[in-house]
Amino acid sequence: MVEVEWPEGAPAVATVPVALPVEADAGLHYVCAPMVATLYLAPSPGADPFVREGDRVVPGQQVAILEAMKMMIPVEADRAGEVVKVLVPNATPVEYGERLIALAVSED
């Protein structure tokens with residue numbers, strides 16, 4: 001059993017609402033990891049990456065690949081746009097929902 005004593009007259013702890021910072025990139029769309037895995041940006045070591053910053057992508061276009069339990073799962077763009085930034089380095093473990101690639105969305 002743990003006993004805790006508070007000094008007499010100790011002030012109650014109050015929670016203070018904290019404003020979350022507004023993201024400067026609010027107009028961007030993110031391709032996110034659909035599972036926990038290792039991200040690869042190219043189809044094989046030494047090969048050109050699937051996409052680079054400045055490339056235009058269309059929905060369904062492969063932009064990366066994930067390896068989970070010796071299985072290779074393609075990561076596809078779900079919107080048309082221009083690759084603004086690749087957010088995760090090659091051969092990096094990623095979490096479910098982690099942002100991988102930032103896209104400036106187009107109306108294509």
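Predicted model: local features only at pLDDT ≥ 70, side-chain atom pairs only at ≥ 80, totals over all residues.
**Entry 1: the overall make-up.** Reading along the sequence, I wrote the pattern down as β-β-β-β-β-β-β-β.

**Entry 2: the open sheet.** Next I looked up a sheet of four strands, which is open and has the order S1-S8-S6-S3 with antiparallel pairing. Which strands stand at the edges? They are S1 (28-32) and S3 (56-57); each has a single partner strand, so one side of each has no neighbour in the sheet. Then I checked S6 (residues 81-86) against S8 (residues 99-105): five bridges join them, and they run antiparallel. Within this pair, I noted Lys85 opposite Ala102 in S8.

**Entry 3: the hairpin.** I moved on to S4 (residues 62-68) and S5 (residues 71-76), which pair in the antiparallel sense over six bridges. Ala68 stands opposite Met71 in S5. The two strands form a hairpin with two residues between them. I made a note of Met69 in the turn, as its phi is positive, at about 55°.

**Entry 4: rings.** I searched for aromatic pairs and got zero. I did find Arg99 over the face of Tyr30, at 3.8 Å from the ring centre.

**Entry 5: the whole chain.** What share of the 108 residues counts as buried? My answer is 27%. I also looked at contacts with a separation of 6 or more: residues 24 or more positions apart account for 60% of them. Last, I wrote down the accessible surface, about 7900 Å², with 58% belonging to carbon and sulfur atoms.

Key. Residues numbered from 1 in each chain as written. Heavy atoms only, no water. Pairing = 2+ DSSP bridges. Phe/Tyr/Trp six-rings, centres within 6.5 Å; stacked < 30°, edge-to-face > 60°. Lys NZ or Arg CZ within 6 Å of the ring centre and 35° of its normal. Buried < 20%, exposed > 50% of the residue type's maximum accessible area, 1.4 Å probe, protein only. Contact = heavy atoms within 4.5 Å. Areas by Shrake-Rupley, 256 points an atom, 1.4 Å probe, with all protein chains shown as cover.
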